Amino acid sequence: GATRYEAESASVSTGGTIDTNHAGYSGTGFANGANAVGSYVEWQVSGPASSLAFGYANGTAAARPVDISVDGTVVATGVPFPATGAWTTWSTVTKSVSLAAGTHAIRLTATTADGPANLDYLDVSP
Ligand code: GCU
């Protein structure tokens, strides 16, 4: 099964906050990254792993794209986090990866001025 890493335990770049004002999140809150290009949320996770699933909500009409990096290397660019219809409607975006054993930094970096979607958790599957 997957190991869940909550976003409230992740690192959030300047201006980001851990919020609780939109119901339905996992754990004790979610990460609300700053509305800016370059705004990021980063988890430290344990490999080995082959799949990442990001829980998120996007209550706007437009996707919130991010670059995904592993240990500082971008592995996917402009990955859309589509509108979910409401900030209280949570969905997932998945990404296949090849993570070796050991600790890895998984970072989502916003590529638009809207910043990232609200991020709830990262599920890491072997
Ligand atoms: C609203 C919403 C936040 C969200 C923000 C955004 O302010 O309440 O949770 O992060 O929009 O557009 O990013």
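**Note on the predicted model**

1. The protein has an average pLDDT of 98, and 100% of its residues score at least 70. This is a predicted model, and for the complex the predictor gives an ipTM of 0.99 together with a pTM of 0.98.

2. A record covers much of what follows. UniProt, in an unreviewed entry, places the feature "domain: CBM6" at residues 3–125.

3. The largest nonpolar core is made up of 30 residues. Those with the most contacts inside this core are A7, A31, V41, Y56, L119 and L122. Two or more core residues come from each of strand 4 (30–32), strand 5 (40–57), strand 6 (66–70), strand 8 (91–110) and strand 9 (118–125). Strand 5 is the element that gives the most, with nine residues.

4. Which residues is L122 in contact with, leaving aside its neighbours within four places in sequence? They are Y5, W43, V45, L52, F54 and I106. L122 is also one of the residues with the most contacts inside the core.

5. Last, the ligand. Around the ligand are D19, H22, N32, N35, T60, W87, G115 and N118. How many residues of this shell are nonpolar, polar and charged? Six are polar, one is nonpolar and one is charged.

How values were computed
Residues numbered from 1 in each chain as written. Predicted model: local features only at pLDDT ≥ 70, side-chain atom pairs only at ≥ 80, totals over all residues. Near = placed C-beta within 6 Å. Nonpolar A, V, L, I, M, F, W, Y, C, P; charged D, E, K, R; others polar. pLDDT = per-residue confidence, 0-100. Core = buried A, V, L, I, M, F, W, Y, C linked by C-beta atoms within 7 Å. Buried ≥ 20, exposed ≤ 12 C-beta atoms within 10 Å, placed from the backbone. Helix = DSSP H or I, 4+ residues; strand = E, 2+ residues; numbered from the N terminus. Contact = placed C-beta atoms within 7 Å. UniProt positions renumbered as here; feature names shortened; annotations may be inferred.
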